[in-house]
Amino acid sequence: MSPRVASDLSRENVSAMLVALRNGPSARSQLANRLGLSAGAVSRLSSRLIGAGLVELLDGQAPSSGRGRPLTPLALRSSQRVAIGVHLGASRITAGLVDLSGRVSAAREVAYADLAAPAVLRQVRDQLRRLRAAVGPDTRIIGTGIGIGGTVDQGVVLDHPHLPWQRVDLARALMAAAPEGLVVDSHVRGLALAESTFGAAREADSLVELHIGNVTDAAIVIDGELLLGPTSSAGTVAHLPVRFGPRAAPCPCGRSGCTQVELSETHLVAEAQAAGLKVDSGAALLALADEGNRTARRLVRDRTRMVGRLAGYLLDVFNPELLVLAGGITGSGDALLPQIREHAARPATGVGVRERRIVGSRLGEHPLVLAAAAPVMLSYYADPLAAEPTLAEAEGF
């Protein structure tokens with residue numbers, strides 16, 4: 001007998017239950033109220049998901065609202081399903097495993113042996129093999145996500161500001177190494193999805209994710225949907241001007257003072273070294289500034305002014321609930337947020353709460369690995385039965 005095909009409603013119910021449990025354990029009666037389902041429907045769903053290893057009954061007891069029997073919570077067994085996440089940076093690969101709760105494990109950084117696409121692809125395949133070998137026999141791989149800076153359209157890297165790539169079809173080149181499914185996308189779009197699901201923007205329907213590192217780019221979410229545009233280039237901010245006058249650095253585009261040049265960590269370190277500071281990273285410069293070094297403090301202050309200016313542009317144009325800063329020394333904590341908010345504020349407009357909508361990222365120690373895997377995980381949550389057809393084989397589905 002062929003498997004019974006799940007109805008659309010059942011697909012929605014399975015997805016809704018897993019999403020609800022992603023936010024924490026809950027008793028079946030609480031799930032029924034939250035999801036608008038009958039107690040019987042929740043019982044059948046939970047039994048099937050427990051049998052599939054996706055859900056478990058906790059030993060502890062949730063408090064009951066009445067005098068009846070105590071409530072036994074259900075919890076997501078998030079570690080039983082993992083996505084592989086690989087970020088391709090300007091100089092290195094960062095890869096790891098990400099479970100359904102957003103936890104990253106087995107993370108590793110590997111410097112490029114060669115910047116040419118064929119050499120990088122060989123290293124990526126090596127990392128995929130290593131990660132697959134690290135997955136336990138009882139854990140299911142739900143797919144692989146690749147995140148990269150620059151302009152990415154349908155798995156093709158159209159260009160990259162630091163890698164000598166033009167129209168490199170990563171999706172086609174790596175498909176055989178990811179048999180469970182592969183998603184290749186811009187890392188900043190992955191950051192926005194991860195922030196909406198696991199990070200600082202879980203309650204926001206609209207946000208701008210602004211990533212500032214060796215690559216500066218942005219992603220825009222409106223009413224819960226990523227804005228892509230033709231060639232998937234919405235959010236390209238690399239050539240917006242953030243510095244003016246004689247100090248503005250020339251950009252390969254022919255103009256000067258562009259975001260991509262002025263805010264890149266490479267340029268920041270070069271400025272610091274030219275000023276006589278012995279630093280090799282933005283973090284080292286920030287440490288010097290924290291120690292009171294006047295030159296370091298001036299450079300950091302100058303950069304926060306430009307970041308605030310760019311954030312102000314984006315707040316003006318898109319008017320999101322939140323702007324989330326990620327990457328580099330301006331996205332790794334809250335220490336610089338007050339200055340950035342101040343520089344983003346519009347003077348003399350009477351808009352007093354605007355600057356408070358700028359927040360720091362909350363994606364943990366390996367945000368770019370999580371960002372790479374985020375599209376895979378969200379696709380799984382949206383339709384678990386498509387990813388695991390055997391879930392639909394039981395009666396009642």
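Leaving aside its neighbours within four places in sequence, which residues is R297 in contact with?

First, the ground rules. This is a predicted model, where local features need pLDDT of at least 70, side-chain atom pairs count only at pLDDT 80 or more, and totals for chains, interfaces and linings use all residues. Residues are numbered from 1 along each chain as its sequence is written, and side-chain values use heavy atoms, with hydrogens and water left out.

Back to R297. With those sequence neighbours within four places set aside, R297 touches A289 and G292, where contact means heavy atoms within 4.5 Å. R297 sits in helix α10, residues 294-318. Helices (H or I, at least four residues) and strands (E, at least two) are DSSP runs, numbered from the N terminus. R297 counts as partly exposed because its relative accessibility is 47%. On this scale buried means under 20% relative accessible area, exposed means over 50%, and partly exposed is in between, using a 1.4 Å probe and protein chains only. Between the C-alpha atoms of R297 and L285 there are 8.5 Å, and the two are twelve residues apart along the chain.

Next, the salt bridges. Side chains of opposite charge can pair when their charged atoms come close. A salt bridge here is a side-chain nitrogen of Lys or Arg within 4 Å of a carboxyl oxygen of Asp or Glu. How many salt bridges does the structure hold? It holds 15, and I will go through some of them.

R92 and E109 form one, at 3.6 Å from N to O. R92 is in strand β5 (residues 92-99) and E109 in strand β6 (residues 104-111), so this pair ties together parts 17 residues apart in sequence. R92 is partly exposed at 38% relative accessibility, while E109 is exposed, at 54%.

R132 and E180 form another, at 2.8 Å from N to O. This pair links distant parts of the chain, 48 residues apart: R132 is in helix α4 (residues 117-134), and E180 is in the loop between α5 (170-174) and β11 (182-186). R132 is partly exposed at 28%, and E180 is partly exposed at 32%.

A further one joins R247 and D302, at 3.4 Å from N to O. R247 lies in the loop between β14 and α7 (259-262) and D302 in helix α10, so the pair ties together parts 55 residues apart in sequence. Is D302 buried or exposed? D302 is buried, because its relative accessible area is 10%. R247 is partly exposed, at 48%. Salt bridges with shared partners join R243, R247, E262, E271, D302 and R305 into one network.

The loop between β14 and α7 also holds V242. V242 is buried, with a relative accessible area of 0%. Leaving aside neighbours within four places in sequence, its contacts include E262, M306 and R309.

Last, the surface. D205, D223, E225 and E321 form a negative patch. Patches are made of residues with over 30% relative accessible area and no salt bridge, with like charges joined within 9 Å. Asp and Glu count as negative. Of these residues, E225 lies in strand β14, residues 225-226, and counts as exposed because its relative accessibility is 55%.

Terms used. Patch = residues over 30% accessible without salt bridge, like charges linked within 9 Å, V, L, I, M, F, W, Y side chains within 5 Å. Areas by Shrake-Rupley, 256 points an atom, 1.4 Å probe, with all protein chains shown as cover. Charge placed at Lys NZ, Arg CZ, Asp CG, Glu CD.
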